[in-house]
Amino acid sequence: MNEKVLIPLILLFVGALLMAPTAVAQDIPSVYLYVNDLTSPPTLLRSEVDDITYICYQVDNLTSAEVAVLIVNSTLPLGISQFAVKTFQLNGIGKAGRDNGVLILVSTNEHQWRIEVGYGLESVLNDAKVGSIGRSTIEPAFASGDLYSGIYNATVQVGQEIVDHYNGQASNPSLFTWNWKGIAITIAIFLLTGGSVISLRGVYRRSGYGGGRSGGGGAEGSYNFLIRLVRRYQSNRPRDAKLRAMRLNGRV
């Protein structure tokens with residue numbers, strides 16, 4: 001084929017791929033296996049991401065259930081409940097046909113958390129269970145400023161419940177999948193440069209999910225550094241007042 005005809009066709013093909021609508025709405029982030037820290041600046045260190053990723057991978061490998069962790073600066077204007085449901089559904093978290101996904105969502109600006117549970121895991125992770133997990137792990141750690149420990153411990157407890165009580169089949173999860181847009185761009189650059197430039201960067205991307213059915217099952221809560229400090233101050237006030245009275249009476 002003539003080069004003058006081939007090049008426009010390649011550019012048209014690449015442009016069509018780039019402009020094609022994606023499965024995720026504009027205000028909903030793309031979520032991949034397993035830990036997605038989208039905050040700026042990042043909330044987690046690289047080593048902390050690796051620690052949590054290892055837990056999620058082990059749960060996936062043993063049970064086929066998929067646990068995704070998502071940290072964002074804000075869930076507005078949707079709010080954390082709708083944001084979690086839409087993110088869960090549009091990203092298809094969980095295996096196709098099993099809907100065995102869990103989304104652990106944290107919003108740093110709003111000081112809120114939510115654990116969203118797919119249909120296939122609701123018998124294992126009911127609302128009361130995930131609510132208890134969030135309140136016992138996420139809230140106390142976050143209130144003291146330790147976001148990593150809160151997320152890590154919540155992931156461990158969610159994962160342990162799945163491993164202990166979910167009868168899913170073990171799997172060998174694929175962490176990567178073909179990025180067809182990246183492939184098209186790579187081919188276009190290769191052809192346009194006469195084969196002098198080629199890069200495999202972008203050919204692979206983190207694998208997504210195949211499930212996504214959730215009826216809003218799960219639990220959510222909030223944490224606030226100022227509230228914790230106020231409560232601590234108020235709890236100490238009676239003792240402080242007693243000490244002041246004792247000093248006035250010359251007893252201390």
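This passage describes the overall makeup of a protein chain and then one of its helices, helix 2. The model is predicted.

The protein chain contains seven helices and seven strands. Along the sequence these elements follow the pattern α-β-α-β-α-β-β-α-α-β-α-β-β-α. The chain has 252 residues, of which 40% count as buried.

Helix 2 covers residues 46-63, a run of 18 residues. At 1.5 Å a residue, helix 2 should span 26 Å.

Burial along helix 2 was examined next. The buried residues are E48, V49, I52, T53, I55, C56, V59, D60 and T63. Viewed down the helix axis, the buried residues of helix 2 fall within an arc of 155 degrees, and therefore they line one face of the helix. The face turned away from this buried side carries R46 and Y54, both of which are exposed. The cut-offs behind these two classes are under 20% relative accessible area for buried and over 50% for exposed.

The backbone just after helix 2 was also inspected. There, S64 adopts a positive phi of about 75 degrees.

Notes:
Residues numbered from 1 in each chain as written. Predicted model: local features only at pLDDT ≥ 70, side-chain atom pairs only at ≥ 80, totals over all residues. Heavy atoms only, no water. Helix = DSSP H or I, 4+ residues; strand = E, 2+ residues; numbered from the N terminus. Expected span 1.5 Å × (residues − 1). Buried < 20%, exposed > 50% of the residue type's maximum accessible area, 1.4 Å probe, protein only. Arc of directions from axis to C-beta.
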